[in-house]
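Trainee: I would like to learn how to read a structure such as this one. Please take me through it feature by feature.

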Amino acid sequence: MRNKTQSNQWFLWIGAIAFCVSASGCKPDDSPFKAENESLRKQLSKQESMVSSLQDGNKVMHQQIDLLNQELRDAKQSAESAKAEAKSSADNLAIQTAQAKKLSADVQKTAAAHAAQNIHVEEKGAQTEDIPRPLSTVAKMVEESLSRNGYHFKVSIKTDQKAVYVTERKVSPPISLEVPGSRNQYVLSLHALPSNITKLNVKADFEKLAQGGRILSVSAEEIAEIERSLIREINKALASPSKT
């Protein structure tokens, strides 16, 4: 009986030892794996945080790029609008300038016509000749002839139908129209007639000068010759092919 009890106790000790061994084998020490897993989790969390930060930064960068692109589009649109406005202003200015020039020319033409109508040139005692040339051509030759002989214009009015010239009194010795030692002033009027004919009137205020500035008497024939001399100068200029 005692041997049986000892045998049972022995089996109980063996069973307890086996249980302990079994329990120890089923649950090994996993401390190294837990530390590694924890380290991995921390690294993953850190990487996720970095990725999130990069995504946020990338989003902000795209927003900045979109904003810059919008500003560039707005600036380009503003520049094109300003360019179009400047072109429109330049076109309007050109139109207004052209209108102003036309208006000025019309005003001058109207004023010249009015002045020409109001200026009366006394034809009595003047030399008159009908020249078979248009008024514009004759007027041009009158201007050139007087300028060539040293006369300056005090009055010069031209319209389509009439022209009037008044020269300043020339005191210097004449070039070819008068004799030395005289002074003269011309008043000329031109009238356009049908068939491209121009009526030319020439009146001279001719004086002879003696020493000391004394004025000598001049006959009507001498004055008429001075007037005819200018008409010959004008006809000579009209006959020159290089002039007309």
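Trainee: What covers the buried residues of H4?

Mentor: First, the ground rules. This is a predicted model, in which local features need pLDDT of at least 70 and side-chain atom pairs count only at pLDDT 80 or more, while totals for chains, interfaces and linings use all residues. Residues are numbered from 1 along each chain as its sequence is written, and side-chain values use heavy atoms, with hydrogens and water left out. Helices (H or I, at least four residues) and strands (E, at least two) are DSSP runs, numbered from the N terminus. Buried means under 20% relative accessible area, exposed over 50%, and partly exposed in between (1.4 Å probe, protein chains only). Contact means heavy atoms within 4.5 Å. Here, the cover over the buried residues of H4 includes strand S1 (127–131), helix H3 (135–148), strand S5 (186–193) and strand S6 (197–204).

Trainee: Which residues of H4 are buried?

Mentor: Among them are Ala-224, Ile-226, Leu-230, Ile-234 and Leu-238. Glu-233 is buried too, with a relative accessible area of 18%.

Trainee: Which side chain meets Glu-233 in a salt bridge?

Mentor: A salt bridge is a side-chain nitrogen of Lys or Arg within 4 Å of a carboxyl oxygen of Asp or Glu. The partner of Glu-233 is Arg-148, at 3.7 Å from N to O. This pair links distant parts of the chain, with Glu-233 in helix H4 and Arg-148 in helix H3, 85 residues apart. Arg-148 is partly exposed, at 41% relative accessible area.

Trainee: Where do Glu-225 and Arg-228 lie?

Mentor: Both are in helix H4, three residues apart, which is about one turn of the helix.

Trainee: Which residue in S7 is the bridge partner of Ser-182?

Mentor: Lys-208. Lys-208 also forms a salt bridge with Glu-222, with the closest N and O atoms 2.7 Å apart. Because Lys-208 lies in strand S7 and Glu-222 in helix H4, the pair ties together parts that are 14 residues apart in sequence.

Trainee: How many aromatic pairs does a search of the whole structure find?

Mentor: Rings of Phe, Tyr and Trp (its six-membered ring) pair if their centres lie within 6.5 Å; planes under 30 degrees apart count as stacked, over 60 as edge-to-face and the rest as tilted. The search finds two pairs. The rings of Tyr-151 and Tyr-186 have centres 5.1 Å apart and planes at 65°, so this pair is edge-to-face.

Technical notes: Pairing = 2+ DSSP bridges.
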